[in-house]
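User: I would like to learn how to read a model of this kind. Please take me through a few features.

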Amino acid sequence: MGLFAFLKEKFSKKKKDEKTEKYEKGLSKSRQAFASRLDDLSKRYAEVNEEYFEELEQILIEADVGVSLTIKLVEELLEKSEEEGITEPSKINEELIDAMFVGYVESGGSITNEIHFRENGPTVLLVEGVNGVGKTTSIAKLSKRYMDQGKSVLLVAADTFRAGAVEQLKIWANRLGCPIITGKENGDPASVCYDGAKYAVEHNIDLMIVDTAGRLQNKANLMQELAKMNRVISREIEDAPHETFLIIDATTGQNGVSQAKSFKEVSDITGIVITKMDGTSKGGIILSIREELGVPVRFIGLGERMEDLEEFDLDEYLNGLLVGNK
Amino acid sequence: MAFESLADKFQSIFKKMRKEDKITETNMASAIKEIRVALLEADVNFKVVKAFIEDVKTKALGQDVLTKVNPSEMLIKICHDELVELLGADNTDIKYEKGLTTIMMVGLQGSGKTTSTGKLANLMKNKLNKKVLLAGLDVYRPAAIDQLGTIAKQLNVDFFEMGTEVNPVEVATKAKETALREGYDVLIMDTAGRLQIDEALMDELKNINKTVHPSEVLLLVDAMAGQDAVNVANAFNADLRLTGVIMSKLDGDAKGGAALSIKYLTGLPIKFAGIGEKMADLDIFYPERMADRILGMGDVVSLVEKAKEAIDEKDAEKQARKMMDGDFGLDDLLKQMKMVQKIGSLGAIAKMIPGMPKLTDEQQEAAKNEMKIFEAVINSMTPYERRHPNCLKFSHKNRVAKGCGMTNAEVNRVIRKWEQSKEMMKQMKAMQKSGKMPGGFPGGFGRR
């Protein structure tokens, strides 16, 4: 059974739980432009031909899947259609979804999304990304998630650069009721990390989350600053940071791959959080990032509420994007 | 810098093409294909790429049989012209009203509204001497108002806020009342980021629009934005009648294809570009420059190509031979100066030569004025005097100066410049003979 049929069956039988509903709701706008176009396409053609594949290519590129991955996917489909004599458009679409799924799964190791906690002592999560992707908001959502699971959380405001950044995190710490370590405005972010690590050890914190300033990945000095923060943290807490999340905005185009590459060079990215997926963007860039760098998506932002950060689930993502309740 | 990788790609395409002497359907097809991929990888919208490619194809094929130019040059020119057209031909400033100019900043979350609000204020206050009031309408994102307040303090401009427990429409209304009452030139309203499909929040913007009637509604677009950017721009435009776009984060390595797409599909002018994290890092968006950058014209090669195009080749050859032989009069000097002007403004040329310092607007203006003086002085001489400026006596100079309304000093300056140029010619000839400078003059004069 193909994946498409599998998803359809799985999600039609399954009593819709909260998670499925969140995915379907959050991705409904993306789906309208993606799944319904695929659907429409398969209805317009009696059998696949060159134009069909061209249109397929367009749909994928417009979902920010990226040129090279799109060409690769479409060529695979062409081959398959010729070899196995598949001419039915809806069958080809199912093959496409299978290919996307398989490609994602095969590009990296097994995927467990939740933060991996150490047995003893604080676990440190460093959060990075370019400007305006939603780092601070994602941190608030992650904190809520783990506090609800009974973990003690410490926030470290290492964005000493942007006006109002510390204030923004402070407001979240207040609302969440968790401690926060801040430094001087325009001070050295590494020294805030140092203070944070000390506090985390002394107070036996389970999860220390470090908010960093947004930086464009081509600014060498700012990327070095990140490397320095990594060094300082690792001196204070063994093997820290244990998790490093790169936040990627779903509206990002092909530059997303460059972001992932550059941040990976200065820090050990263990996962991606894709934000703003509740808009009309399809977030196709995550497939390219996975394809090129093997970094998994760990969490997905599906809305503005604190609860709207979900574990990334490929089944749910593809179902939400492609099948859903049309 | 944005667009550089796209420029690289174009250059590699054109390099490949240079090896062939004629455009054929086949070799153009492969170049066109590569252009297509390059544009798509730059996040130019799929539909825009399609239209662009069609235009280039049609034009390239039509001209192919008729002209004898190098096929790569022709394709450069066609692509360039198309890109300039696509990016819009003018650079556009803020439309300032007689009294208060109200500006509303809108966009998705994280597109750079607050930072750009600060940058605009900085530009208006420090460069244009405007009295600016900033208003914080983002009551949703925690500390958004603090952020703008801090920026306002840094810039030493006034700041209007009513906290976060208030309807933004009311803040806008009160801010405008304050701005009018206290005689501000400009009011910039920083609104909360929102998705274009969030009906409640879009209605809020519509209400502000209806109540305050801003002179400018500017959409922030992130240079990193992908294919969906055009949908965002279309939706904001439909609801708010945008007056322009600001591209943010152009100092990153994103190629910024969204700029092309939005301009192409909505016709909205791109008014400013964010080029750094500091408050002074806001520049006017220059479509022509951007098109040049896309084509990778930042090298001397393109200067040669442009020069070749601008001047009559035979004329240039004659000119060069004369100059080399030291037979070089004032008419020739004038011709030479005019050619250089035809190639483009001095600023444009400087931009193309790597390592050459950029001329300021004042310097360019000065160069233009200089040219006018030279022309007037030279036109006031007899043909004999023009060919033999050395024979000019004091009385002759007086006559020439009177004839053109200049002073003797200016006449002397023209003659000195001619002497310098003549001397330079001699040196160049010597260098060429000794093999230090193979092939003609810089700028491509007479290169055969």
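User: What pLDDT does chain B average?

Analyst: pLDDT is the predictor's confidence in each residue, from 0 to 100. Chain B averages 79, and 72% of its residues score at least 70. Residues 352-357 of chain B fall below 50. Where pLDDT is low, the predicted coordinates should not be read in detail.

User: At what angle do the axes of α11(A) and α12(A) cross?

Analyst: Helices are DSSP runs (H or I, at least four residues), numbered from the N terminus. Axes are lines fitted to C-alpha atoms, for helices over the stretch in contact, and angles run from 0 to 180 degrees between N-to-C directions. Here α11 (residues 255-266) and α12 (residues 285-293) of chain A cross at roughly 40 degrees, their axes coming within 9 Å.

User: Which residues of α11(A) and α12(A) make the contact?

Analyst: Two residues are in contact if their C-beta atoms, placed from the backbone, lie within 7 Å. Among them are Gly256(A) and Val257(A) of α11(A), and Ile285(A) and Ser288(A) of α12(A).

User: How many residues does the contact take from chain A and from chain B?

Analyst: Chain A gives 33 residues and chain B gives 31. On the side of chain A that touches chain B, α8(A) gives the most, with four residues.

Definitions and conventions:
Residues numbered from 1 in each chain as written. Chains lettered and ligands numbered in written order. Predicted model: local features only at pLDDT ≥ 70, side-chain atom pairs only at ≥ 80, totals over all residues. Helix = DSSP H or I, 4+ residues; strand = E, 2+ residues; numbered from the N terminus.
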